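Subject: Two-chain model for you to look at

Hello,

Here is the structure I promised to pass on. Please open it first, then read my notes below.

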Amino acid sequence: MSPLTKGVAAMKKTLFALATAALVIVFAPPAGSQGQISKAQLPVLTISAGQSNDANTVNAVLEEAGILYDYCDVPTVEMLNAGVGLAGKKSAEGFHVESYTDTAKYPKGTPYKTVIIAIGASLKGMGASGLTVDAEEARVRKIIDACKKKKIFLIAVHPGGEAGRGPSGSDNERMIDAVAPFADFLIVTKDSNKDGRFTKVAALTKAPLIQVDYALGMVDILKKVFI
Amino acid sequence: MTRERWIKSILAVLAVLLMLAGGLPLARHRHAQVPVVAGPGVTNVIKLSEFLPALRGTMADTNVYVLEGQEPGGKVLVMANTHANEPAGLLAALIMIENAVVEKGTLYMIPEFNASAGRNTKPGDGYPLYFDIPTEWGHKRFRMGNRDASPLEQWPDPDVYIHYPDRQSLSFNDVRNTNRTWPGRPDGPRMEQVTFAAMELMRKNKVNIAIDMHGAETMFPVTNCIVAPIKSSKIATLVSMTVKAMEGFDNHVEPSPQNFRGLSHREIGDFSDTLPFLLEAPIPFLDQPTGPKTTQLLLDGKDAFLLSLSKKKKLFVPYDENGWPMEKRVGQHCSVTLEILKQYSKKNPETAVRVRGVPKYADLVKNGVGHYFHDPSKAEKKSVFYE
């Protein structure tokens, strides 16, 4: 082969490789992109990281989606480990428990397969539960460690929008730091992710990220998650 | 007469003239009447004193408009002007009275809940005495009220208001604030009697939902929201999510703090089976760092100082050069109220409440508040009531 022919062949190979790379970059979905809905299993426990009303938002969304769940705003690791029914604990001042899991399918004590964490800080909510921000952060980290040990699927949800964010180091951001990097799946509103915070977390952890326009949009997402 | 006597006499006359110049407008304001044209849905108008006779004949007694549907169903109490310097709720309530038709259930509407506050004002803060809403038939004039009842109805104030029944210490003037005197008592100070009477209305009629419409500053985090205790929070959350997604205005839920006593969203739920919801829409007029407190500011919410603060992210609402006009605030209240009824009725079909004829947020923003008020001069006399 003449040098000219070799050069043309090499150039063709290079051009082909560049074109292929371009196609891959354009068409291959990056980790954590819109559209990748993870699957999760029941029974599910919903909890709060920060004690804002966002936990109620998650519960309301699950109800609209027809998914039965257990909920506690400040569960201990023992309650998590006790499984469905949360060891029979009852609501009291500053402590809220609800149990709607279908016990015909998942009898009391069945280990949770999924935990949904609603991220959003409220000093009012934390105060009502007798918690400081530091105590809440420590409590949430313990729960997440326990979930990881038991290989429970963690879904982090941030429905609060821009109001649920703040400057670096603020209560809201501390809760995001405590939860988002450990989530197996992230669902946020576009408003919550205006600065790309959750996109960056998802890119690092490779967890799928779904963004919705409004919290109500999470109903359809969660219906597909828990098939 | 000596020179000194002349001066004293002239000064005395000047003082009287000043008192008259200042006092006569206040007296006129106190006795000014706002006509309300009861709409096709109003089946009865009673007085709050029916639930506590001690209120009869006092300025604290107030109209309760009953809208009873053909089909029995749930019962709803809607209150406005608990704070009479937050008039978006009053306007929303009057729009409902003049237009709503109840198909199922019953509405009890109290547009001037703190009737005394509605006849009080805050001249020291430069409040206007009245504001006008343009309508298709002219201007409809409303009194601008104050947050608290007038000392003419209830005096003196204690040094510290000890809340009944849990004895929490509140600010002295909160004894005249009907959002601090719940649940009230029949032999307490006048405003406690007002809230007691409302509790009796709810208990005797087995009211399912109570909605209390308010306005809050843009610099206050508890604005653009529904404040709800735990028992109302699921419905409140669904309402908030739905109006945000489907009607395009901001709303969130604030939990009712268990340790802050006297408020409707706390005590109504604690002392009855009724589900309480307190609605807040932004009212730039009440923010501290604004320009003069003019009727224009009250109506359109536009203020250069607030705009500057908004750019510095000091406000809790998305505020721009369009301000926060009355149409938006009234629209928010109407839409949130309707959505509360809808979400409650979905979960409680036996005690559902179905209402038609009430405009929603988009309608009010498009048509204006005045579009929904009827001309009292053209209405039948028996349909015209006065607030």
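**Chain A: the sheet and its helices**

Chain A has 8 helices and 7 strands. Bear in mind that this is a predicted model. Of the 227 residues in chain A, 44% are buried.

The strands of chain A form an open sheet of 7 strands. Their order is 3-2-1-4-5-6-7, and the pairing is mixed. Which strands stand at the edges? They are strand 3 (97-99) and strand 7 (209-212) of chain A. Each has a single partner strand, so one side of each is left without a neighbour in the sheet. On average, neighbouring strands of this sheet are turned by 15 degrees against each other, direction ignored.

Now look at strand 4 (residues 114-119) and strand 5 (residues 153-158) of chain A. They pair in the parallel sense, over 5 bridges. Ala118(A) has Val157(A) in strand 5 of chain A as its bridge partner.

Two helices lie across this sheet's strands:

- Helix 6 (residues 171-179) of chain A lies across strand 1 (44-49), strand 4 and strand 5 of chain A. It runs at about 160 degrees to strand 4 of chain A.
- Helix 8 (residues 218-225) of chain A lies across strand 5, strand 6 (185-189) and strand 7 of chain A. It runs at about 150 degrees to strand 7 of chain A.

**Where the chains touch**

The contact between the chains involves 14 residues of chain A and 14 residues of chain B. On the chain A side, helix 2 (54-64) and helix 4 (123-128) each supply at least two residues. Helix 2 of chain A gives the most, with 4 residues. By class, the side of chain A that touches chain B has 6 nonpolar, 6 polar and 2 charged residues.

**Chain B: strands**

Start with strand 4 (residues 71-79) of chain B. Of its 9 residues, 7 are buried, so strand 4 of chain B is largely enclosed by the rest of the structure. It pairs in the parallel sense with strand 5 (residues 101-110) of chain B, over 6 bridges. It also pairs in the parallel sense with strand 10 of chain B, over 4 bridges. Leu77(B) takes part in both pairings. Its bridge partner in strand 5 of chain B is Tyr108(B), and in strand 10 of chain B it stands opposite Ala210(B).

Strand 10 (residues 209-216) of chain B also holds Met213(B). Is Met213(B) buried or exposed? It is buried, with 32 other C-beta atoms within 10 Å. Leaving aside neighbours within four places in sequence, Met213(B) is in contact with Met79(B), Ala80(B), Gly89(B), Ala92(B), Ala93(B), Leu279(B) and His333(B).

Strand 11 (residues 225-228) of chain B is next. Cys225(B) and Val227(B) point one way from the strand, Ile226(B) and Ala228(B) the other way, and all are buried. Strand 11 of chain B pairs in the parallel sense with strand 12 (residues 252-255) of chain B, over 4 bridges. Val227(B) has Glu254(B) in strand 12 of chain B as its bridge partner.

Helix 8 (residues 326-347) of chain B packs with helix 4 (residues 230-247) of chain B at an angle of about 125 degrees. Their axes are 9 Å apart. Helix 4 and helix 8 of chain B are therefore oblique to each other. The crossing is right-handed. Helix 4 of chain B brings Ile235(B), Leu238(B), Val239(B), Thr242(B), Val243(B) and Glu247(B). They meet Ser335(B), Val336(B), Glu339(B), Ile340(B), Gln343(B) and Tyr344(B) in helix 8 of chain B. By class, this contact has 7 nonpolar, 3 polar and 2 charged residues.

Helix 2 (residues 88-99) of chain B also meets helix 8 of chain B. Their axes come within 9 Å and cross at roughly 60 degrees. This pair is therefore oblique as well, and the crossing is right-handed. Ala88(B), Gly89(B), Leu91(B), Ala92(B) and Ile95(B) in helix 2 of chain B meet Met326(B), Arg329(B), Val330(B), His333(B) and Cys334(B) in helix 8 of chain B. The residues of this contact divide into 7 nonpolar, 2 polar and 1 charged. Gly89(B), Ala92(B) and His333(B) are also among the contacts of Met213(B).

Best wishes

Methods
Residues are numbered from 1 along each chain as its sequence is written. Chains are lettered from A and ligands numbered from 1 in the order in which they are written. This is a predicted model: local features need pLDDT of at least 70, side-chain atom pairs count only at pLDDT 80 or more; totals for chains, interfaces and linings use all residues. Two residues are in contact if their C-beta atoms, placed from the backbone, lie within 7 Å. Ala, Val, Leu, Ile, Met, Phe, Trp, Tyr, Cys and Pro count as nonpolar, Asp, Glu, Lys and Arg as charged, and the others, Gly among them, as polar. Axes are lines fitted to C-alpha atoms, for helices over the stretch in contact, and angles run from 0 to 180 degrees between N-to-C directions. Angles under 35 degrees count as roughly parallel, over 145 as roughly antiparallel, 65 to 115 as roughly perpendicular and the rest as oblique. A crossing is left-handed if the near helix is turned anticlockwise from the far one by less than a right angle, and right-handed if clockwise. A residue is buried if 20 or more other C-beta atoms lie within 10 Å of its own, exposed if 12 or fewer, and partly exposed in between; C-beta atoms are placed from the backbone. Two strands pair if DSSP finds at least two bridges between them.
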